[in-house]
Amino acid sequence: MTACLKPPKLPSNEDDSVILFSNSNSPEESTSPSSSFYHSPPPALHQFRTAYKLSVRNLSYTLHPHKTTPFSFRHLTKKPKPVNILESVSFVARSSEIVAVVGPSGTGKSTLLRIITGRVKDKDFDPKSISINDQPMTSPAQLRKICGFVAQEDNLLPLLTVKETLLFSAKFRLKEMTPKDRELRVESLMQELGLFHVADSFVGDEENRGISGGERKRVSIGVDMIHNPPILLLDEPTSGLDSTSALQVIELLSSMVKAKQRMVVLSIHQPSYRILQYISKFLILSHGSVVHNGSLELLEETISKLGFQIPLQLNALEFSMEIIHRLEDSSFRYDTFTIEEKEPFPNPMWPEEENGGVQSQYSGESFGNLCYVYLVEILFLCSRFWKIIYRTKQLFLARTMQALVGGFGLGSVYIKIRKEEGGVAERLGLFAFSLSFLLSSTVEALPIYLQERSVLMKEASRGAYRISSYMIANTIVFLPFLFVVSVLFAVPVYWLVGLNPSLTAFTFFTFVVWLIVLMASSLVLFLSAVSPDFITGNSLICTVLGAFFLFSGYFIPKESIPKYWIFMYYVSLYRYPLDALLTNEYWNVRNKCFSHQTEGSQCLITGFDVLKSRGLEKDNRWMNVGIMLGFFVFYRVLCWVILARKASKTTI
């Protein structure tokens, strides 16, 4: 445990990009601690020592769609046909260049960028098609380490400020940095992205007012630039923006390319005339094939050679979309790639002896260092979770008001419940309704989990943190929050109704209420992981909870449940807390009489008879508690397995 609390000892304080992509072993060219990434002033944070060349040669990609549910007998014998998305795509991009991938919708622009950034399955990756600095990339994992990727959708948490969003990204991606250096890194990046004036503004979304669309896009770029990737790819960064905001984004990328010697490859649908001047090369795709690869001037020459004249009201790129089929048939499309490939690249990306070290970021680290990183991830995620919960007023207030209103409401309905035989049925009804209320009260957290899931998939798939760290942090933060909710419900219900007056019984009642809410929270978290959207998730929750309630033994005794449904009795989340609450209420008064035939005559119902009618002849309260804890852990482990599997396959 002591090893977990010690910060990792790194070989040096160099920037990750310098360690991974250095091209020399000489002492003169090595980076000293005083001039390293972590200790250099903000303006010099991004200086790369290696120029980069990205070569894509004969890249093809075929999509094999899964067989859908047949709607007629004819479909039973038909297999879905493979779809050729990309076909022999070749181009070269270099540092200090912006390369724009252009083409009509459905031509494979996004697919091309996702393959270059390593966001495909290993079986779909061709190791011969992509090389960096003339060194072939053998796996998608290598590309994910080198390339930054900004997806078309801005997957950001709306209730974090701009500075907090970038700072948390720095905490996850730059764990070896000191807090002060991370702060300097974020401030430098905000200055570079033109976000300093909105540093303390919420990111926002459709429901929560925040920064503008252009500023949100720049925040997305900053999140994926925080670890300083030398190659940055963006999927339609101007999509959904007005012309001014789109121009600002491209101007920003252009300034970074020139000042920091980055390489930028982006897809763009239909750039305006002002945007064209910032783009070095255009890769025009049609039906997955390259129809032009080169500058705008070269495109104009190609159009002229085909016998066309560009109208005054259109630029060459816009006009090329109109004659895309003629360009596809032309013989000029691969000349540029052939010329560029003749230029040798003098420097390898990394020395041969360092090549093996690229495969794993933690290959040389000790268990203590990995343990430390794991704990740091959990602490950072706990901090972010707490900020989000505190700022999600509708969840915070809804859960608090539900607990108070539900507690006082039920207490006022069952106030000072009777002690005789009629009170037995009323108590059972109170416990059953309380269970239904508590288990269904966590449904409102579903949209929040679904919103976080897209951010989680993006961050986890890029190695920012582990899914297990996310699950542990989620559990740690929600434990005290849900305990407060449980106390707010349990106190008014217990004492207004007049349940077992023992302090021990009250403490156990509150503990069981807490476990019920924790089980419900785990169930909702699990169902949010398997649900594609809110409507499906809500339907799943209602169906599952309804089935659990039906087979809890409250409506149908165990003996009357059909054999093929008996398994539902044992997996019902209602059964075990209901039995625990009944045992807690009557076990200490099991010899007390609750109904006489006549006054002073033979006793008809004792506390033990009430328990016996439910099959509770032994005090199994703590066994039920153990089973409830098991359900709480089981659904979270299931959720972890599903999310980890999805993160390994995600292309966000």
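Biologist: Why does Cys382 count as buried?

Modeller: Buried means under 20% relative accessible area, against over 50% for exposed and partly exposed in between, with a 1.4 Å probe and protein chains only; Cys382 stands at 14% relative accessibility, so it counts as buried. Cys147 has a relative accessible area of 2% and is buried as well. This is a predicted model, in which local features need pLDDT of at least 70 and side-chain atom pairs count only at pLDDT 80 or more, while totals for chains, interfaces and linings use all residues. Residues are numbered from 1 along each chain as its sequence is written, and side-chain values use heavy atoms, with hydrogens and water left out.

Biologist: How many disulfides does the structure hold, and how do you know?

Modeller: A disulfide is a pair of cysteine sulfur atoms within 2.5 Å, and by that rule the structure holds zero disulfides.

Biologist: What makes strand E10 largely enclosed by the rest of the structure?

Modeller: Strand E10 covers residues 289-294, and six of its six residues are buried, so the strand is largely enclosed. For the chain of 652 residues, the buried share comes to 52%. The chain has 25 helices and 12 strands, where helices (H or I, at least four residues) and strands (E, at least two) are DSSP runs numbered from the N terminus.

Biologist: How do you know that E9 and E10 pair, and in which sense?

Modeller: Two strands pair if DSSP finds at least two bridges between them; strand E9, residues 281-286, and E10 have five bridges in the antiparallel sense, so they are a pair. Within this pairing Phe282 stands opposite Gly294 in E10, and in the hairpin, which has two residues between the strands, His287 takes a positive phi near 55°.

Biologist: Why is one side of E6 and of E10 left without a neighbour in the sheet?

Modeller: The open sheet has six strands in the order E6-E7-E8-E3-E9-E10, with mixed pairing. Strand E6 (147-150) and E10 stand at its edges, each with a single partner strand, so one side of each has no neighbour in the sheet. From one strand to the next the twist averages 15°. Further along the sheet, strand E7 (residues 231-235) and strand E8 (residues 263-267) run parallel and are joined by five bridges, with Leu234 opposite Leu266 in E8.

Biologist: Which strands does helix H3 lie across, and at what angle does it run to E7?

Modeller: Helix H3, residues 109-116, lies across strand E3 (97-102), E6, E7, E8 and E9, and runs at about 150° to E7. Axes are lines fitted to C-alpha atoms, for helices over the stretch in contact, with angles from 0 to 180 degrees between N-to-C directions, and contact means heavy atoms within 4.5 Å.

Biologist: What makes a space count as a cavity, and what volume has the largest cavity?

Modeller: On a 1 Å grid over the protein atoms alone, a cavity is a set of points where a 1.4 Å probe fits but cannot get out, whereas a pocket is an open set with protein on both sides within 12 Å along at least five of seven lines, and lining residues have an atom within 4 Å of a point. Grid points are joined across faces, edges and corners, and a volume is the space filled by probe spheres set on the points. The count comes to nine cavities of 30 Å³ or more, and the largest cavity has a volume of about 90 Å³. Its lining includes Asn155, Phe168 and Val455, and the elements that give two or more residues to it are helix H5 (162-173) and H18.
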